[in-house]
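Here is a colleague's note for someone opening this entry for the first time. Please keep the structure in view while reading the points below.

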Amino acid sequence: MRLLDLYINGFGKFHKRSISFHKGLNVIYGKNEAGKSTLHTFIRGMLFGIEKGRGRVSKNDLYVKYEPWENSSSYEGRMRVEANGQIYRIERNFSKNAKSLHVINETLGREEAADKAFFDQLLNGLTETSYINTVSIGQLKSATDANMASELKNYIANLNTSGNMALNITKASAFLKSQRKGLEAQIVPEAARNYTALLGEIRSIEHEIATPEFENQLSEYQAMRSQVKEELEKKQNTKEELLQKIARGRQILSNNQFTDESSIQSYLENAKKVYGEYSAAKTASEKKSRTVFTVLVFLLAAVFAAGCVFCNTAAFQLLEGKIPSTFNAPLLSALTLGGAFLFAIIGFFLVMKTKRLQKELELSAGLIREIFSRHLGDSSISQEALQALEGRMDEFSRLSAALKRSEESLAEQTEEIARLQEKQESCNEVIEKQQRAQWELEKKLERLSVCKDQAAAFQHILSENDRLRDETAAIDLALETLTEVSTSIRSSFGVLLNKTASDLIAGITGGIYNSMSIDENLNIFMNTPTKLVPVEQVSSGAMDQIYLAVRLAVAKLMKGDGETLPLIFDDSFVQYDDSRLETALKWITKAYNGQIIIFTCHKRELQILDEAGISYNRIEI
């Protein structure tokens, strides 16, 4: 097959754009964002269509990505190809609301059926998965995906067994499986189990009817239920009274900022402590000796100050010769001054201590008055008031103890109510069971008759199941034989692929590698003189060359006797250095005898082709 030209009426950024291709090599050059990948996707869409996804994934699918930028109603185009000596025009509208596909045979002047058979013939049976894994190489996607291995094995098995994709093991297996599915659909798989179950049910019903289960005990359990109900009502009334009593008691304690016995005792101890501090401060502040001692200290300080003045006067008289020199006035002056200063400091500290005691007295008095006022209604401070407070706290303690006993009783009542409710529920269940007993007895007798009729019908079904299973076993034997043959044939695909890829790798790499091994999952290893090297261990440029060889080998195998398909590269040589690129381009143009289309945003491909004198059709977008 060869691409002749295409016309885009609306696809991505392109609108009313025509492009023509030549035989051999075509190079489409354009800068980044020029639309190269859009053209590549358009070719793929013309061959396989583009479906709009559903749900959240539809926001990023190909359909949305390449919707026309201009005139969104014209999401369509056409492409002319030449295949098997005839020219076909493929016209496709991608719009979900006006989707259509037409194939016109321009050579014969008629419209072809645009069905799977036509595109299988046009593409040598390639599916979309095979197409994007072989001849269509996108950006940085030289490697094939996991789905390709399965398709390649089926393809080779089909060609080896029939030489024709229309007749193959896969279709034969599908036919046999379809026949088997039809037979299995006729089998009633539950017949044997149902028959056995029916026999067991018949025996069970006959046994149940004979048991004393259906004896009438209804009156006994109704009397028991009435008795339990009456006792339950009494317990619930008692519980309600306890709840109200506990609520009132807790409210009283809460209003006085108490929660339990420990909080009450803690409060009382704190009150006693504050009262003690008040009494001690009051006693200390009322001592007259402290006041007398303070006055005495200040008098001494005054006396020493006067002595200091006297000594200073004497010192002046000594200098004037008015007193004998034997009198040591300076020394006495220093001593009297020190004494005056010392007694002044002592007096100051005594005054400060007196003020501190007064503040402590005022603080403790305020606290104890607040306590007495809150609980006694009188803020007067006395030993009798403290005793009254102790009595008040005893009342709260007794209330707390009573609440604790009530709560214990409440827990007991709750447990007893739960037991009675459980017993009442049990009585209800037994009464309901007794009421159903007679009804169930009648139903069991009816069911016994139905089961016997059904068991007779299932005996006939079991006989028919045996016949169908014999036919299914025969088909299973045929499928097993066909699978053995298919497995044997598919195992040869690795040999074919390894040989074809190894023949290609030497030319692509310029002789750097000349042999490779590929397993059935398309895992690739390079054959070196010492060991097998996984392809992941070679350089990124060499890896791209190796994957390219594998793609071309797969394309060659899947082509069979059909026409060569166009080989499309979309910026696929980014990882190649100049030397590798030159080697690859020269080799591809010689080794691939079909049409080649290279999309690129670099001019080095053009320069290499020009320098090598390789003819090509240049297209700029």
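1. Strand E4 and strand E5 (residues 86-93) are joined by eight bridges and run antiparallel. In this note, helices (H or I, at least four residues) and strands (E, at least two) are DSSP runs, numbered from the N terminus, and two strands count as paired if DSSP finds at least two bridges between them. Within this pairing, arginine 78 has glutamate 91 of E5 as its bridge partner, and in the hairpin, where two residues lie between the strands, asparagine 84 adopts a positive phi near 55 degrees.

2. Before going further, please note that this is a predicted model, in which local features need pLDDT of at least 70 and side-chain atom pairs count only at pLDDT 80 or more, while totals for chains, interfaces and linings use all residues. Residues are numbered from 1 along each chain as its sequence is written, and side-chain values use heavy atoms, with hydrogens and water left out.

3. E4 (residues 76-83) also pairs with strand E1 (residues 2-8), again in the antiparallel sense, over six bridges, and here isoleucine 8 stands opposite glycine 77 of E4. The covered face of E4 consists of Gly77, Met79, Val81 and Ala83, whereas Glu76, Arg78, Arg80 and Glu82 make up the uncovered one. In a regular strand the side chains alternate between the two faces of the sheet.

4. Which strands form the open sheet, and in what order? There are three, in the order E9-E10-E11, with antiparallel pairing. Strand E9 (516-518) and strand E11 (532-534) stand at the edges with a single partner strand each, so one side of each is left without a neighbour in the sheet. Neighbouring strands of this sheet are turned by 30 degrees against each other on average, direction ignored, the axes being lines fitted to C-alpha atoms, with angles that run from 0 to 180 degrees between N-to-C directions. Strand E10 (residues 524-527) pairs with E11 over three bridges, and asparagine 527 has leucine 532 of E11 as its bridge partner.

5. Helix H8 (residues 218-255) has 38 residues and reaches 55 Å from its first C-alpha to its last, close to the 56 Å expected at 1.5 Å a residue, the expected span being 1.5 Å times one less than the number of residues. Its buried residues (under 20% relative accessible area, 1.4 Å probe, protein chains only) are Val228, Leu232, Leu242, Ile246, Gly249 and Leu253. After H8 comes glutamine 257, with a positive phi near 65 degrees.

Note on methods
Buried < 20%, exposed > 50% of the residue type's maximum accessible area, 1.4 Å probe, protein only.
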